[in-house]
Amino acid sequence: MNASAATGRLSILGMGPGDPELMTLKAARILRESPVVAWFCRHDRPGHARQIAGDMLPERAEALRFAYPFTTEIPVSDPAYLVRMAAFYDECARQIATRLQNGQDVALLCEGDPFLFGSAMYVFDRLQDRFDCTVVPGITAMAGCWSAARQPMVHGDDVLCVIPGTLDEAALTSALEHADAAVIMKLGRNLEKVRTALRHAGRENRAIYVERATQPQQRWMKLADMTGPAPYFSIILVPGREDAR
């Protein structure tokens, strides 16, 4: 890191799973002090991290709203996906770098924890060697889910596996077979594929579906009782071994 004393600091703030009261005191303090605040969002939505921040943004803060060029319209396997997303993150990093070079501090908001499937990590990768960067961890979405559902997940020597639902069915099944407990993220259009993998791995009956944890609309149930599509903010929990504890 070769930042000079004249450059600003980039603070990447984990905003937690949804309930503003689950933001850390450190993240809230930095947010309130930041002259520039940035966040990611869909083009037609305000952005979940921004919604968590609510009225904590300073009145005179400059807002940098980074709208993704697409979300689910292009599959990750499409070569165009990486090319276009790389260009998007390059532009986000350029805009933030301009403010930092002018001596302004920038707070980049990220739902959950920045380094767990967080978009902010791609900006961090691009700027960490040039500027002073602070990363404030946040309560993860999965922690919000298992707490909301009152579901203990691991104990003793249980092995926890965090699995993206975007994997193919065979990879999902294999991961589930080798884990004592599992968290399956990125459901959405992958829900039925995940159901099938859970069935093949013999884990379907233990699976818990959790939606919008820590938010006013939160709900949870056995996966077998869940019908309909899964929204973006949903996770499947497979608790660990149920030995005496």
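Predicted model: local features only at pLDDT ≥ 70, side-chain atom pairs only at ≥ 80, totals over all residues.
View 1. A disulfide would need the two sulfur atoms within 2.5 Å. C161 has 24% relative accessibility and therefore counts as partly exposed.

View 2. Over the whole structure, the search finds zero disulfides.

**View 3. Domain 1 and domain 2 of the chain.** Domain 1 spans residues 10-139 and domain 2 spans residues 142-238. Between their C-alpha centres the distance is 26 Å. Ten residues from domain 1 and 13 residues from domain 2 make up the contact.

**View 4. Area buried between domain 1 and domain 2.** About 850 Å² is buried between the two domains, and carbon and sulfur atoms give 68% of this area. On the side of domain 1, P17, H48 and F117 supply 49% of the area buried against domain 2, more than any other three residues.

**View 5. Polar and charged groups at the interface of domain 1 and domain 2.** One residue pair, with both members at pLDDT 80 or more, is found in polar contact across the interface. The count of salt bridges between the domains is zero. The side of domain 1 that touches domain 2 consists of five nonpolar, three polar and two charged residues.

Technical notes
Residues numbered from 1 in each chain as written. Heavy atoms only, no water. Domains from an automatic or database assignment. Contact = heavy atoms within 4.5 Å. Buried area = accessible area lost by both parts, 1.4 Å probe. Salt bridge = Lys/Arg side-chain N within 4 Å of Asp/Glu carboxyl O. Polar contact = N/O pair within 3.5 Å; in protein donor to acceptor, adjacent residues only side chain to side chain. Nonpolar A, V, L, I, M, F, W, Y, C, P; charged D, E, K, R; others polar. Buried < 20%, exposed > 50% of the residue type's maximum accessible area, 1.4 Å probe, protein only.
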